Amino acid sequence: MQKQFGTAGFGYAGVDLYAGGTLTAQNIIAVGKLKAGDEAMVYGVFSQRARPIEKGLADTLEKAGLKVDRLEITQESNSDVSSAACRC
């Protein structure tokens, strides 16, 4: 069943991820860290339907009047988060 339904979210138990992204953005705005006219970057996996938290965050920031740059995580970084660390 996991193989057949895995890409549709089978087996996940937890918070609605789009709502989680929305709530995160709403709280950032509520505490005054970002406001209409500001610019924000959201780094995430926008290409995977099963990962909507980034979309909820970006959509909510845009609805609040922010300019949002959506930066897609590479598959390499998605598989190994340490590869995304800045080596400045």
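This is a predicted model: local features need pLDDT of at least 70, side-chain atom pairs count only at pLDDT 80 or more; totals for chains, interfaces and linings use all residues.

Me: Why does arginine 70 count as partly exposed?

Reply: Arginine 70 has a relative accessibility of 35%.

Me: What makes the meeting of arginine 70 and aspartate 59 a salt bridge?

Reply: Their side chains meet at 2.7 Å, N to O. The limit is 4 Å between a side-chain nitrogen of Lys or Arg and a carboxyl oxygen of Asp or Glu, so this pair qualifies. Arginine 70 belongs to strand β2 and aspartate 59 to helix α3, so the bridge ties together parts that are eleven residues apart in sequence.

Me: And how do you know whether aspartate 59 is buried or exposed?

Reply: Its relative accessible area is 11%. Buried means under 20%, so aspartate 59 is buried.

Me: Which other salt bridge does arginine 70 make, and why does that one count?

Reply: Glutamate 62 is the partner, with the side chains meeting at 2.8 Å, N to O. That is within 4 Å, so the term applies here too. Glutamate 62 is at 35% relative accessibility, and so counts as partly exposed. Salt bridges with shared partners join Lys55, Asp59, Glu62 and Arg70 into one network.

Me: How many salt bridges are there in the structure?

Reply: Five. One of them pairs aspartate 38 with lysine 35 at 3.5 Å, N to O, which is also within 4 Å and therefore counts. Lysine 35 has a relative accessible area of 54%; exposed means over 50%, so that residue is exposed.

Me: What about the charges as a whole: where do the centres of the positive and negative sets lie?

Reply: They lie 3 Å apart, and there are 10 positive and 10 negative side chains.

Me: Let's turn to helix α3. Which of its residues are buried?

Reply: The helix spans residues 53–63, and the buried ones are Glu54, Gly56, Leu57, Ala58, Asp59, Thr60 and Leu61. They pack against α2 (17–30), β1 (39–44) and β2 (67–72). Just after α3, glycine 65 has a positive phi of about 95°.

Me: Why does glutamate 54 count as buried?

Reply: Its relative accessibility is 8%. That is under 20%, so the label holds. Beyond its neighbours within four places in sequence, glutamate 54 is in contact with Val42, Tyr43, Gly44, Val45 and Phe46.

Me: Where does serine 77 sit, in which helix?

Reply: In α4, residues 75–79. With 10% relative accessibility, serine 77 is under 20% and so counts as buried.

Me: With what does the side chain of serine 77 make a polar contact?

Reply: With the side chain of serine 83, at 3.4 Å. A polar contact asks for N or O atoms within 3.5 Å, so 3.4 Å passes. Apart from neighbours within four places in sequence, serine 77 is in contact with Tyr43, Ser83 and Ala84.

Me: Now the whole chain, please. Which pattern does it follow along the sequence?

Reply: The pattern is α-α-β-α-β-α, made of four helices and two strands. The C-alpha atoms fill a box of roughly 45 × 35 × 20 Å along the principal axes.

Me: What share of the residues counts as buried?

Reply: Of the 88 residues, 23% do. The accessible surface is about 6300 Å², with 58% of that belonging to carbon and sulfur atoms.

Me: And what part of the contacts with a separation of 6 or more comes from residues 24 or more positions apart?

Reply: They account for 71% of those contacts in the protein chain.

Notes:
Residues are numbered from 1 along each chain as its sequence is written. Side-chain values use heavy atoms; hydrogens and water are left out. Buried means under 20% relative accessible area, exposed over 50%, partly exposed in between (1.4 Å probe, protein chains only). Contact means heavy atoms within 4.5 Å. Accessible areas come from the Shrake-Rupley method with a 1.4 Å probe; for residues, only the protein chains shown count as cover. Lys and Arg count as positive and Asp and Glu as negative; His and the chain ends are not counted. The place of a charge is taken as NZ of Lys, CZ of Arg, CG of Asp or CD of Glu. A polar contact is a pair of N or O atoms within 3.5 Å; within protein, one must be able to donate a hydrogen and the other to accept it, and residues adjacent in sequence count only if both atoms are side-chain atoms.
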